[in-house]
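Student: I have a structure to go through and would like to take it piece by piece. Can we start with the strands and move on from there?

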Amino acid sequence: MAVRPGQVPLKTIRRGDMDGSLIMVDPMQRYETKEAAVIVAALAWVIIVGSTGIAAIIICGWKGAKSIELDWKNAKATFKCR
Amino acid sequence: MYSIGYNAGLISDGDVLSLAQGLILKGGNLYDSANGARHRLSRSARYVIVPLIQPISWQDMRKVLQQKFLPTESIRRVFNFLDGIGGLVIKRSWTGLVADQYYRINVKLHLVSINKPAIRYSGDIRGGIRAITAGMNSLVGLMILSAFFGYGANISLATVLLIPPVFYLCLLLSTLCHEMVHLYMVNNSRKWGLYIPVFLRRGARIGVLHRGMDEVAELSSAFLGPIVGVAMASCFICLSLIDQLWFSWLIAVSVAIFHLISWLPNFSDGQIIWQAIKERVYATASKNKINY
């Protein structure tokens, strides 16, 4: 019973999501929670910081970089090695 | 190993299933005490849900379902529904956990989007701490790893070792304050009967599941949650007065920004605020048009 590619993940139950013959979802109540984005944002941030560190070690070796300059405009990163 | 639903993933014989707290099966209906929902169940759906009232191993559950000759697709759809409302609790054995993780990675490698299962926690400070710490599980390993690699970005070893605990504490306390504001507003604006809000977590996404509130309370909650989170994170700026913890201001500012991201339209706080702004703009425009 493998999951087929293209199947839509069920995030929240909304009116009309379920077939009435099996389950009739209460259409009056919402299941969208009051959600905080904090941990998701932190996860993204840690991944960015971590990948920059990894890049510094790959480019400069174990001694690492002295400084990293990020040029967002030209999508360019400059690593000055120690 | 069996696939019991889209997000619920794989399950092995040793895994124990049950209905989540707050869900009550009565007659042909499944009542949700968190938001007062009443879902009507068909006979087939009841056959799947009744055994879950008491914790039951998948091995026994399978035997019960086989006796009822239920189609596999119907069983999976009921489990998908339960996962959608955060109504399914699965206590996985170690082998089940490994198999499920392998399945999820494998599915993701085939570029198929799959969510983590939804889990409910009690709507109090204990439930909040449990939900947030569990949500931060995936973050901890990455945090230690990135701090370790931070050495590559010319950061001293002492700082590298101190960054993860300070970041963890700042994120935990500020997120807890953020969520507790939502919970406080819900408990204070409860109008109809006794509904018990719960924390709902899906991977790193944490929210409060509750009965609908009036518009003003909803808007205040969406505004105040992130503000209190920012205020709590800002307290960590004081730590930067200590020599070894100079980086605390950077953590505090980052976490404060993470809280403000909740106001983006992609997240529920932002959705509520942007919806209110849209309605206000539309109402003003309509009024001006009439005056004109």
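**Strands, interface and helices**

Tutor: Strand 3 (residues 16–19) of chain B and strand 8 of chain B are joined by four bridges in the antiparallel sense. This is a predicted model, in which local features need pLDDT of at least 70, side-chain atom pairs count only at pLDDT 80 or more, and totals for chains, interfaces and linings use all residues. Residues are numbered from 1 along each chain as its sequence is written, and chains are lettered from A and ligands numbered from 1 in the order in which they are written.

Student: What counts as a strand here, and when do two of them pair?

Tutor: Helices (H or I, at least four residues) and strands (E, at least two) are DSSP runs, numbered from the N terminus. Two strands pair if DSSP finds at least two bridges between them.

Student: Which residue is the bridge partner of B:Val16 in strand 8 of chain B?

Tutor: B:Val16 has B:Lys91 as its bridge partner there.

Student: What is the strand order in the open sheet of three strands?

Tutor: The order is 7-3-8 in chain B, with antiparallel pairing. Strand 7 (56–57) and strand 8 (88–91) of chain B are the edge strands, each pairing on one side only.

Student: And the open sheet of four strands, what order does that have?

Tutor: The order is 1(A)-6(B)-5(B)-4(B), again with antiparallel pairing. Its edge strands are strand 1 of chain A and strand 4 (23–26) of chain B, and each pairs on one side only.

Student: How many bridges are there between strand 1 of chain A and strand 6 of chain B?

Tutor: Two bridges, in the antiparallel sense, with strand 6 covering residues 37–41 of chain B. A:Ile23 has B:Leu41 as its bridge partner in that strand.

Student: What about strand 5 and strand 6 of chain B, how many bridges join them?

Tutor: Four bridges join strand 5 (residues 29–32) to strand 6, and the two run antiparallel. B:Leu30 is partnered by B:His39, and B:Asp32 stands opposite B:Ala37. The hairpin of these two strands has four residues between the strands, and B:Gly36 takes a positive phi near 75° in it.

Student: Which residues of strand 6 of chain B are on the covered face and which on the uncovered one?

Tutor: B:Ala37, B:His39 and B:Leu41 form the covered face, while B:Arg38 and B:Arg40 are on the uncovered one.

Student: Switching to chain A. What elements does it have?

Tutor: Chain A has one helix and four strands, running β-β-α-β-β from the N terminus on. Of its 82 residues, 27% count as buried (20 or more other C-beta atoms within 10 Å of the residue's own; exposed is 12 or fewer, partly exposed in between, with C-beta atoms placed from the backbone).

Student: Which residues of helix 1 of chain A are buried?

Tutor: A:Val38, A:Ile39, A:Val40, A:Ala41, A:Ala42, A:Val46, A:Gly53 and A:Ala56 are buried. Just after the helix, A:Gly61 takes a positive phi of about 85°.

Student: What span should helix 1 of chain A have?

Tutor: At 1.5 Å times one less than its number of residues, the 23 residues of helix 1 (residues 38–60) should span 33 Å, and the end C-alpha atoms are 33 Å apart, which agrees.

Student: How many residues of chain A are in contact with chain B?

Tutor: 48 residues of chain A are in contact with 67 residues of chain B, contact being C-beta atoms, placed from the backbone, within 7 Å. Helix 1 of chain A gives the largest share of the chain A side, 17 residues.

Student: Last topic: at what angle do helix 8 and helix 9 of chain B cross?

Tutor: The axes of helix 8 (residues 215–234) and helix 9 (residues 248–261) of chain B cross at roughly 175° and come within 8 Å. Axes are lines fitted to C-alpha atoms, for helices over the stretch in contact, with angles from 0 to 180 degrees between N-to-C directions. Angles over 145 degrees count as roughly antiparallel, so helix 8 and helix 9 of chain B are roughly antiparallel to each other.

Student: Where is A:Ala75 found?

Tutor: A:Ala75 is in the loop between strand 3 and strand 4 (76–81) of chain A. A:Ala75 has a positive phi of about 50° although it is not a glycine, and it is exposed, with 7 other C-beta atoms within 10 Å.

How values were computed
Two residues are in contact if their C-beta atoms, placed from the backbone, lie within 7 Å. Angles under 35 degrees count as roughly parallel, over 145 as roughly antiparallel, 65 to 115 as roughly perpendicular and the rest as oblique.
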